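The following note sets out points for discussion on the model shown below. Each point is kept to one topic.

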Amino acid sequence: MAIVTFSSPVMHKDKAVYAVAGDTKTILALAEEHRIPIPFECRDGNCGSCLIEVTYDAPEAKKAIMLTDKEKLTLKELGKITEAEIENAEVNDMPPRYRLACQFIARDEDVTVSFTGTPGGSD
């Protein structure tokens, strides 16, 4: 079981929730279930409005979760991922710092998910 901590300036305080290991709920679905206001529009990885920053509580144990083709393209368009980071994720299982909440699934590592509250992560 993973503990996912959500952090954002639009929230009164950080909120930690459990993500069941083996569940295929995305971070966006988990956020909705717990009334956490991650902005979103398409739910499909195309628009980038649900941009999140993911940090791992135990960085030495982090595991990459496959980036979808849509997520790669959208993150590149937003300037949040490089070809080198994509290759590092695919070859070395090192996940990138930025993800889309509608595509990212928490596995068995504890993570902090940060978001600005503005679609696409703009300040």
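1. Loop residue. The model is predicted, and this note begins with Thr-26, a residue of the loop between β2 and α1. Thr-26 is buried because its relative accessible area, 18%, falls under the 20% limit. Leaving out residues up to four places away in sequence, Thr-26 touches Ala-101, Cys-102, Gln-103, Phe-104 and Ile-105.

2. Sheet. Five strands make up an open sheet of mixed pairing, in the order β2-β1-β5-β3-β4. Its edges are β2 (15-19) and β4 (98-100), each of which pairs on one side only. On average, neighbouring strands of this sheet are turned by 35° against each other, direction ignored.

3. Pairing of β3 and β5. Strand β3 (residues 51-56) and strand β5 (residues 111-114) run antiparallel and are joined by 4 bridges. Thr-55 has Thr-112 in β5 as its bridge partner. In general, the strands of a sheet pair through backbone hydrogen bonds, either parallel or antiparallel.

4. Helix on the sheet. Helix α2 (residues 69-77) packs on the sheet and touches β3 and β4. The direction of α2 makes about 125° with that of β4.

5. Nonpolar core. The largest nonpolar core has 32 residues, of which Val-4, Phe-6, Ile-27, Ile-38 and Ile-52 touch the most other members. At least two residues of this core come from each of β1 (2-7), β2, α1 (27-33), β3, α3 (83-92), β4 and β5. Which residues are in contact with Val-4, leaving aside its neighbours within four places in sequence? They are Lys-15, Ala-16, Val-17, Ala-19, Ile-27, Leu-30, Ala-106, Val-111 and Val-113.

6. Cysteines. How many disulfides does a search of the whole structure find? The search finds 0. Cys-42 is in no disulfide, and the nearest cysteine sulfur, that of Cys-47, is 3.6 Å away. A disulfide requires sulfur atoms within 2.5 Å. For Cys-50, the closest cysteine sulfur is in Cys-102, and the distance of 3.6 Å is too far for a bond.

7. Accessibility of two cysteines. Is Cys-42 buried or partly exposed? Cys-42 is partly exposed, because its relative accessible area of 31% lies between the limits of 20% and 50%. Cys-50, by contrast, is buried, with a relative accessible area of 4%.

Note on methods: Residues numbered from 1 in each chain as written. Predicted model: local features only at pLDDT ≥ 70, side-chain atom pairs only at ≥ 80, totals over all residues. Heavy atoms only, no water. Pairing = 2+ DSSP bridges. Axes fitted to C-alpha atoms, helices over the stretch in contact; angles between N-to-C directions. Contact = heavy atoms within 4.5 Å. Core = buried A, V, L, I, M, F, W, Y, C linked by side-chain atoms within 4.5 Å. Buried < 20%, exposed > 50% of the residue type's maximum accessible area, 1.4 Å probe, protein only.
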